[in-house]
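Hello,

Here is the structure I promised to hand over. My notes follow below it.

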Amino acid sequence: MTRVKRGSIARKRRIKIRLFTLGFRGAHSKLTRTMSQQKIKAFVSAHRDRKRKKRDFRSLWITRINAIIGQNKQNVYYIYSNLMYNLYKRQLLLNRKIVAQIAILKGNCLFMVANEIIKK
C-alpha cells in the first residue's frame, strides 16, 4: 500500500483559518489551535451581538424620545410611556425609531404630534 502524505491538505485548512484570524493580536493569529478557538469565539460573539444590537438600539431610541419629551414640561406628555401609549391608542403607525428621528431632527414636530393627540 502506498503512503499518503496529508501535509498539503492540512496546510490548506490551516491557511483558511489563518486568513480569518489575520487581524487578531499575538498568538490568536499565529498558533493553529488558538486560531481555531478564536474563530469559534468570534462566530459566537457575532451571533450573540446581532441580537444584542437590536436591544441596544431600542433602548437608545427610548432614551432619546424621553429626553426630548422631558424638556417641555407644559405638555401632558412629559413621560415617555404616556406618549407611546397614546400613539398606540390613536393607531398612529410610528415606531420608536421614527419617533426618535423626529425628536432629534424636528423636536417641535414631535410636540405638534403630541398636542394633536391631546386635542382628540
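**Surface notes**

Lys-30 is exposed, with a relative accessible area of 55%. Exposed means over 50%, buried under 20%, and partly exposed in between, with a 1.4 Å probe and protein chains only. This is a predicted model, where local features need pLDDT of at least 70, side-chain atom pairs count only at pLDDT 80 or more, and totals for chains, interfaces and linings use all residues. Residues are numbered from 1 along each chain as its sequence is written, and side-chain values use heavy atoms, with hydrogens and water left out.

Lys-30 sits in the loop between α1 and α2 (32-71). Helices are DSSP runs (H or I, at least four residues), numbered from the N terminus. Not counting residues up to four places away in sequence, Lys-30 touches Arg-18 and Met-35; contact is heavy atoms within 4.5 Å. From Lys-30 to Val-113 is 83 residues in sequence and 58 Å in space, C-alpha to C-alpha.

Two patches next. Patch residues have over 30% relative accessible area and no salt bridge; like charges are joined within 9 Å, nonpolar side chains within 5 Å. A salt bridge puts a side-chain nitrogen of Lys or Arg within 4 Å of a carboxyl oxygen of Asp or Glu.

- Positive: Arg-6, Arg-11, Arg-13 and Arg-14 gather on the surface. Arg-6 comes in the segment before α1 (7-20). Arg-6 is exposed, at 53% relative accessible area.
- Nonpolar: Ile-15, Leu-19 and Leu-22 make a surface patch of about 320 Å². Leu-19 belongs to helix α1. Leu-19 is exposed, at 56%.

Best wishes

Key
Accessible areas come from the Shrake-Rupley method with a 1.4 Å probe; for residues, only the protein chains shown count as cover. Lys and Arg count as positive and Asp and Glu as negative; His and the chain ends are not counted. The place of a charge is taken as NZ of Lys, CZ of Arg, CG of Asp or CD of Glu. Helices (H or I, at least four residues) and strands (E, at least two) are DSSP runs, numbered from the N terminus.
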